[in-house]
Amino acid sequence: MFNSRDKLEPDKFMLLDTLNEREINLKVLLLGETSVGKTCIIRRYVYQFFQDAYSTIGVDFALKVLNWDADTLIRLQLWDIAGQERFGNMTRVYYKEAVGAFVVFDVTRASTFELVTKWKNDLDSKVQLPDGSPVPCVLLANKCDQAKEGLVNSTTQMDDFCKEKGFIGWFETSAKENINIDEAARFLVTKILEKDKALKLGEQEGDPDRIVVNGNSAHGKEDKKSACC
């Protein structure tokens, strides 16, 4: 899914400014149990097609290039973490340098929703933003074109769940019918950029002598959706 020619340098997940345009490289994770549709979501979003019955082993990734605005190009690297990887020892490596995440569950299988919290806790324990806060994380209730089970049938309860567990929002999605895939991605990227801006402002206010060059400190290196911030 990922072209080796698109591989980024070790400092890839930083904001880079050029003379006329800024280029932003973001690493985003897709987490969740096996067969909830993580790979299908990525394929729909990046390649605009749907393929069912696909199972990821280990980790896979794909690159989506976004012309965010007239002055900004975003390279969104999406890491597809296999459902069984939460029980392995490699997730810390996979999560490294991530700046955002989706946790995905299958609305037709309530058991996959019950494990959402474990995925969120695993994420929060292994990767944080420079200020120590959790990376922005959106919950995806996937396969919403099918009959739903459990809490997802109540918008209010889902809103409350997101607030309690630290998700910045949630979306009902369907990779098959292309429902809310683009909307969810844009929402997460927007929140990542807002957080990045707030962190940079905080750094400058906390240290008047700090100079930020190329996004680095000179001191060192709504259709069916509900957003709960």
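Is Phe 161 buried or exposed? Phe 161 is buried, with a relative accessible area of 11%. The notes below set this residue among its neighbours.

1. Basis. This is a predicted model, in which local features need pLDDT of at least 70 and side-chain atom pairs count only at pLDDT 80 or more, while totals for chains, interfaces and linings use all residues. Residues are numbered from 1 along each chain as its sequence is written, and side-chain values use heavy atoms, with hydrogens and water left out.

2. Terms. Buried means under 20% relative accessible area, exposed means over 50%, and partly exposed lies in between (1.4 Å probe, protein chains only). Helices (H or I, at least four residues) and strands (E, at least two) are DSSP runs numbered from the N terminus.

3. Aromatic pairs. Rings of Phe, Tyr and Trp (its six-membered ring) pair if their centres lie within 6.5 Å; planes under 30 degrees apart count as stacked, over 60 as edge-to-face and the rest as tilted. The structure holds six such pairs. In one of them, the ring centres of Phe 113 and Phe 161 are 4.8 Å apart and the planes stand at 45°, so this pair is tilted. It links distant parts of the chain, since Phe 113 is in helix 3 (residues 110-114) and Phe 161 is in helix 5 (residues 155-165), 48 residues apart. Phe 113 also counts as buried, at 14% relative accessibility. Phe 105, Phe 113, Phe 161 and Phe 167 form one aromatic cluster.

4. Charges over rings. A charge sits over a ring if NZ of Lys or CZ of Arg is within 6 Å of the ring centre and within 35 degrees of the ring normal. Phe 167 has the charged end of Lys 120 over its ring, 5.6 Å from the centre. Trp 79 has that of Lys 27, at 3.8 Å.

5. Strand 4. Nine of the ten residues of strand 4 (residues 72-81) are buried, so the strand is largely enclosed by the rest of the structure. Two strands pair if DSSP finds at least two bridges between them. Strand 2 (residues 22-32) pairs with strand 4 in the parallel sense over nine bridges, and Lys 27 has Gln 77 as its bridge partner there. Strand 3 (residues 59-69) pairs with strand 4 in the antiparallel sense over ten bridges; the two form a hairpin with two residues between them.

6. Positive phi. Glu 97, in the loop between helix 2 (91-95) and strand 5 (100-106), has a phi near 75°, a positive value in a residue other than glycine. Glu 97 is partly exposed, at 33% relative accessibility.
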